[in-house]
Amino acid sequence: MGGLTVTGTGDPFAFDLITMGRIGVDLYPLTTGVPLAEAETFGKFLGGSPANVAVAAARLGRRVAVITRTGADPFGGYLRSELRRFGVDDRWATEVAGLPTPITFCEIFPPDRFPLYFYRLPKAPDLEIAPDEVDLEAVRAARVFWMTGTGLSEEPSRAATLAALEARARAATTVFDLDWRPMLWREKPGPYYERALAWATVAVGNTEECEIATGESDPYAAARALLAAGVELAVVKRGPEGVLAVHRDGSVAEVPPVPVEVVNGLGAGDAFGGALCHGLLAGWPVERVMRYANAAGAIVASRLACSTAMPFSHEVEEVLGRAGGV
C-alpha cells in the first residue's frame, strides 16, 4: 500500500502541522482506581485533543502550531506556557475575556474505564474562534492541517473550522479527527460532519465515531462510507482489535494492537494522531504509518498523563523493535 503524498506551498517557513480546536486543563487523580469523590491529590496537565496531537507531533520533531483559545485567567497562561515548553507554537492560542479556561476531570479505572467530566460552561473559549481570526494563509501553507468534530459543535468555531477547510481546498493533507463528544453537542452532527468530510483527505476515529459520521457500525462498511464521503484515507481505530486503514486506491492495512499494561487510555488516541501525522509527513507506506501510530498510542496508554506522556521517536522505535514492527 502506498503512502499519501503530503503537499504544501513549498514555503520554508510553513508549519509541518497546524491543529485547530479544543484545549483545556486536565486534572487527573494521582491514584488509580479511586473515584473522584475519594481522590485527594491530582496532577495538572495540558489537555484537549488537538493540543495533545500537536504536542505528540512536536515530540517527534515536527514544526507545529495550534489554533485555539483560552480564558484570560491563570489556567490560560499555564496552557500557553505548556505549549511552548513542549515546542508547540502558541501564536494563535489567544485569550477570551469573560470565559473560564476549561477543566476536565477523569476517573482512572484500568484497563478500560476512564469516565470524563468536562467543565466547559458557560461556553468554552476554544468555541469562540471566529473565521476572521484564522490565518488562512498559514493554514493553506501547512503541510498537514488537523481539525476535530468538536470544533463543528457550535458557532463561531463551526464557521471558522469550515472556512479553514475550504481554504485548504483539498490541496494538501487535511485530517478530520471525528472526535465525537456527545455531551458537547446540542444538535445533530451529521450535516456538519458531511460538509467537513467533503474537504478532508484523511478521516480518523474509533468505531463509535465512525458510526456517528457514516451510520455504519461495521468497520469496513464505515471505512468505505468515509471514502465515499470524500476522503482518500479512512482510519478506523478498533481498540483491542487494532486499527483498520482503507485507501481510495482499494488497498487495505489491518494492524494488530501493541500489547501493554494499560494505566490510562485517554491520551492514546492523541498520541496515535500525532504519530499518524508524523508518518504521513515522512511519506511512509500506510501500513508502516499505522504500526508506528499504534506503538505511540500504546506507550501513552501505559502512562498516567496525556500531554507529558507523549513519546519521543526513539521510544516508539524501541516498542516497534520489541513487537517486531518496522
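Which residues in H8 meet which residues in H9? In this predicted model, local features need pLDDT of at least 70 and side-chain atom pairs count only at pLDDT 80 or more, while totals for chains, interfaces and linings use all residues. Residues are numbered from 1 along each chain as its sequence is written, and side-chain values use heavy atoms, with hydrogens and water left out.

Helices (H or I, at least four residues) and strands (E, at least two) are DSSP runs, numbered from the N terminus. From H8, Ala 268, Ala 271, Phe 272, Ala 275, Leu 276, His 278, Gly 279 and Leu 280 meet Val 289, Met 290, Tyr 292, Ala 293, Asn 294, Ala 296, Gly 297, Val 300 and Ala 301 of H9, where contact means heavy atoms within 4.5 Å. These residues comprise 13 nonpolar, 4 polar and no charged; Ala, Val, Leu, Ile, Met, Phe, Trp, Tyr, Cys and Pro count as nonpolar, Asp, Glu, Lys and Arg as charged, and the others, Gly among them, as polar. Helix H8 (residues 268–282) packs on helix H9 (residues 286–301) at an angle of about 150 degrees, their axes 7 Å apart. Here axes are lines fitted to C-alpha atoms, for helices over the stretch in contact, and angles run from 0 to 180 degrees between N-to-C directions. H8 and H9 are therefore roughly antiparallel to each other, a term for angles over 145 degrees.

Helix H7 (residues 219–229) comes next. Its buried residues (under 20% relative accessible area, 1.4 Å probe, protein chains only) are Pro 219, Ala 221, Ala 222, Ala 223, Leu 226 and Leu 227. They pack against helices H5 (190–199) and H6 (207–214) as well as strands S11 (202–206), S12 (233–237) and S13 (243–247). After H7 comes Gly 230, with a positive phi near 135 degrees.

Between strand S8 (116–119) and helix H3 (136–141) lies Arg 120, which counts as buried at 9% relative accessibility. Leaving out residues up to four places away in sequence, Arg 120 touches Arg 22, Ile 23, Pro 102, Asp 126, Leu 127, Thr 150 and Leu 184. The loop between S8 and H3 also holds Pro 122, and the peptide bond from Leu 121 to Pro 122 is cis, with omega near 5 degrees. Another cis peptide bond, with omega about 10 degrees, joins Pro 110 and Pro 111.

Asp 179, in the loop between S10 and H5, has a positive phi of about 40 degrees although it is not a glycine. At 3% relative accessibility, Asp 179 counts as buried.

Note on methods:
Buried means under 20% relative accessible area, exposed over 50%, partly exposed in between (1.4 Å probe, protein chains only). Angles under 35 degrees count as roughly parallel, over 145 as roughly antiparallel, 65 to 115 as roughly perpendicular and the rest as oblique.
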